[in-house]
Amino acid sequence: MSKATTVTKLKKQENLIGYLFASPWLFGLIVLGIFPIFMSLFFSFTNYNMISAPTIVGFKNYEILFTNDDLFWKSLGNTIYHVVIAVPLGIVVGVGLALLLNNKIRGMGVYRTLFYLPNVVSVVAMTLLWLWLFQPNFGLINELFKPLYDLFDMEPLGWYLDQKLSKLTLILMGLWTAGGSMVIYLAAMQDIPVTLYESAEIDGAGWLKKTIYITLPLMTPSIFFNFIMGLIGSFQVFTIAYIMTSGGPSRSTYYYAYYLFDKMMIDKAMGMASAMAWILLVMVLIVTIFALRLNKYVFYLGDES
Amino acid sequence: MTETVLKRPKYRSRKRRRIIVHSVLHIVLVLCSFVFVFPFLWMLFTALKTPAELLKGISVFFPAEPQWQNFVSAVQKIPFFMYLKNSLIIVLSVMTGTIFSATTAAYAFAKLKWKGRDKWFIVMLATMMLPIQVILIPTFVMYSWIGWLGTRLPMIVPAFFGGGAAFYIFLLRQFFKGIPKEMTESAIIDGANHWQIFTKIMLPLSKPAIMTVALFTFMGAWNDYFGPLIFLSNPDHWTLALGLRSFQTQYGGQYNLMMAASILIMLPTLILFFLAQKTFIEGIKFTGIKG
C-alpha cells in the first residue's frame with residue numbers, strides 16, 4: 001500500500017520535473033506558435049492597421065482578394081509557376097548529382113563538399129553574386145554564351161531584366177543550392193544494402209537497371225521528404241525576388257509571399273495580410289494532402305520482406 | 001560515350017572498363033564542381049578589379065593589378081563594424097538561447113516521463129510545416145503591443161523559448177537517449193537531482209551534439225535575412241545581411257565593391273564549414289533521415 005503510493009508520488013514528481021524541463025520550449029510553442037495561428041485566423045476577418053482597434057468585417061478580405069484584386073491572382077500565378085518548375089527540377093538535379101557521386105569513386109567526399117558549398121552562404125550574398133553573373137551586358141554568363149549568341153545570330157538574353165525569363169532566372173539560381181538535398185539523397189543511397197546490388201549483378205543487371213530497379217525505388221522516401229519540404233518552401237519564395245528583381249520586371253517575379261509582405265509591412269493591412277496567410281496555409285495544406293497520396297508509391301525498406 | 005560503347009568488346013578485363021568509366025565520371029564531376037565553385041572564384045576576381053576592368057567582361061579574366069583596397073572601400077561605404085557588432089549580438093544570443101531551450105527540452109523528451117510528451121512533439125512538428133506568415137503576422141502585432149518593435153528583442157527572446165529549435169531538440173534527444181541509463185540511475189542513488197544530472201552528466205557528455213547545434217544555429221542566425229528585415233526597423237540595429245542589402249540599394253552598379261562586401265559576409269560561414277565539414281554533413285543527413 002505505502003509502496004504503491006510512493007511509486008505514484010515518484011511518478012507525479014517526474015511528471016512535474018518533465019514539465020519543468022520542457023517549460024521554456026512549451027511556453028514558446030503555445031505563446032509564439034499555437035496561439036498566433038488562431039489569432040491570425042481572427043485577424044483575417046477584421047480590418048486592422050495596428051493603430052486603431054480591429055473591426056470585424058466578416059469574409060470581406062477574402063471576397064476582395066478573390067474577386068477584386070488582380071495582383072492577388074498575378075502573384076499567385078507567378079508562385080505556382082515557380083513551384084511547378086522549381087520543385088521537380090530541384091529533385092532531378094539533386095538526385096542526378098547524388099547518382100554521379102554514388103559510384104565508389106575516389107574523392108567522393110571532396111566533390112560532396114564542393115557541391116554543398118553554396119548552401120552555407122547567406123541568401124543575400126548569393127543573390128547579389130548571381131545578379132552579377134546574370135548581368136546582361138558584361139556578366140559572366142552572357143560572356144560565356146557569346147559564341148552561341150553569335151552562332152545563332154541572336155540578341156543576348158536579358159535574364160532577370162526580361163519578364164519572360166525572370167522567373168526562370170531565379171529558378172536557375174536556386175539550382176545552385178541543389179547540393180543541399182543531394183547530401184540527403186546520397187546518404188539514402190548509401191544506406192541501401194549492398195546485397196541487393198550483388199544479387200542484381202548476378203542476374204546480369206547493369207548500372208542503368210540497378211539504378212532504375214533498386215536505387216531509385218529505395219530512395220523514394222527521401223525524395224518524397226524533399227518534395228514535401230520543397231513544396232512548402234517554394235510556396236513562400238520571397239527573399240531572392242526581393243533582392244534580385246524587387247518583384248519586377250512588370251511584376252513578373254512578384255510572388256505571393258512578396259505581396260503578403262507588402263500588405264503587412266508597407267500597407268500595415270494586418271487583416272488583409274492575415275487573410276492571405278490563411279489562403280496560403282489552405283493551399284499548402286491541400287497540395288500537401290494530395291502529395292501525401294503519392295505516399296503509396298513510396299517504398300520503405302523492410303515493408304515487403 | 002558512344003565511343004566507349006563501340007570499343008567495349010576490345011577490353012578483355014572488367015578492370016580496364018572500370019577505369020574508363022571512372023575517368024569519364026571524374027570529368028563530369030569536375031565539370032559539375034566547376035559550376036558550383038567557379039562563381040565563388042569569379043566573385044573574388046570581380047572584387048579585385050577596377051571599375052574599368054568590370055566593363056570588359058571575361059576579356060579581363062584576372063585583374064591586372066589586384067585592387068585589395070576594394071575591400072577597404074567596401075567596409076568604409078557602410079557602417080560595417082556596427083553591422084558586424086549587431087550580427088554578433090544577435091547570433092551569440094540566439095546560440096545561447098537555442099542551446100538552453102533545446103537541451104532542456106531534449107532532456108525532458110529523452111529521460112523523463114510526463115503526460116502528453118509525445119503529443120506536444122507532434123504539435124511542434126506540425127507547426128513547423130505551416131507557412132511562416134500565419135505565425136509571423138500575429139507575433140509582429142504582439143511585439144508591437146508590448147513595445148518590442150524597434151528593439152532587438154523579437155530576434156533574440158524566442159530562441160530562449162525554443163523558437164526554431166525543433167530539429168535541434170530532435171537531434172539532442174537522440175543523443176541523450178544514447179547515454180546509458182546506469183549513469184543517471186547511479187547518480188540518483190547518490191542523491192543527485194535531475195538538474196544536477198542534466199548539468200553535470202548530460203551536458204558534458206553531449207559536447208559533440210551541442211557543437212552541432214551551435215554550428216547550425218550560428219549559420220542560421222548569421223545568414224538570416226527575413227527575420228531582421230521584418231523586426232529590425234532601427235538602422236542602428238541592422239545586421240550584416242541587412243547592411244549588405246542597403247549596400248546594394250546605394251551602390252548597386254559598383255559590382256566590384258558589392259562582391260567584396262559579399263565575400264566578407266560569406267567568409268565566416270565558409271571558414272566554419274571547411275573546419276567542421278564532417279559535423280555539418282552528418283547533421284544534414286540527420287535532417288533527411290528525420291523525414
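Where does H2(B) bend, and which proline follows within four residues? Keep that in mind as you click around this predicted model, where local features need pLDDT of at least 70, side-chain atom pairs count only at pLDDT 80 or more, and totals for chains, interfaces and linings use all residues. Residues are numbered from 1 along each chain as its sequence is written, while chains are lettered from A and ligands numbered from 1 in the order in which they are written.

Select residues 14-47 of chain B, which form helix H2. (Helices are DSSP runs of H or I, at least four residues, numbered from the N terminus.) H2(B) bends by about 40 degrees at B:Val37, with B:Pro39 following within four residues; the bend is the angle between axes fitted to the seven residues ending there and the seven starting there. Now colour its buried residues (20 or more other C-beta atoms within 10 Å of their own, C-beta atoms being placed from the backbone): among them are B:Leu29, B:Phe36 and B:Met43.

**Stop two: the partner chain.** Show chain A too. The contact (C-beta atoms, placed from the backbone, within 7 Å) takes 76 residues from chain B and 72 residues from chain A. On the chain B side, H2 gives the largest share, 13 residues.

**Stop three: B:Leu172.** Leaving aside neighbours within four places in sequence, B:Leu172 is in contact with residues including B:Ala102, B:Ala106 and B:Val213.

**Last stop: zoom out.** Colour chain B by its domain assignment (bounds from an automatic or database assignment): domain 1 is 2-71 and domain 2 is 78-251. Their centres, taken over C-alpha atoms, are separated by 39 Å.

Notes: Contact = placed C-beta atoms within 7 Å. Helix = DSSP H or I, 4+ residues; strand = E, 2+ residues; numbered from the N terminus. Buried ≥ 20, exposed ≤ 12 C-beta atoms within 10 Å, placed from the backbone.
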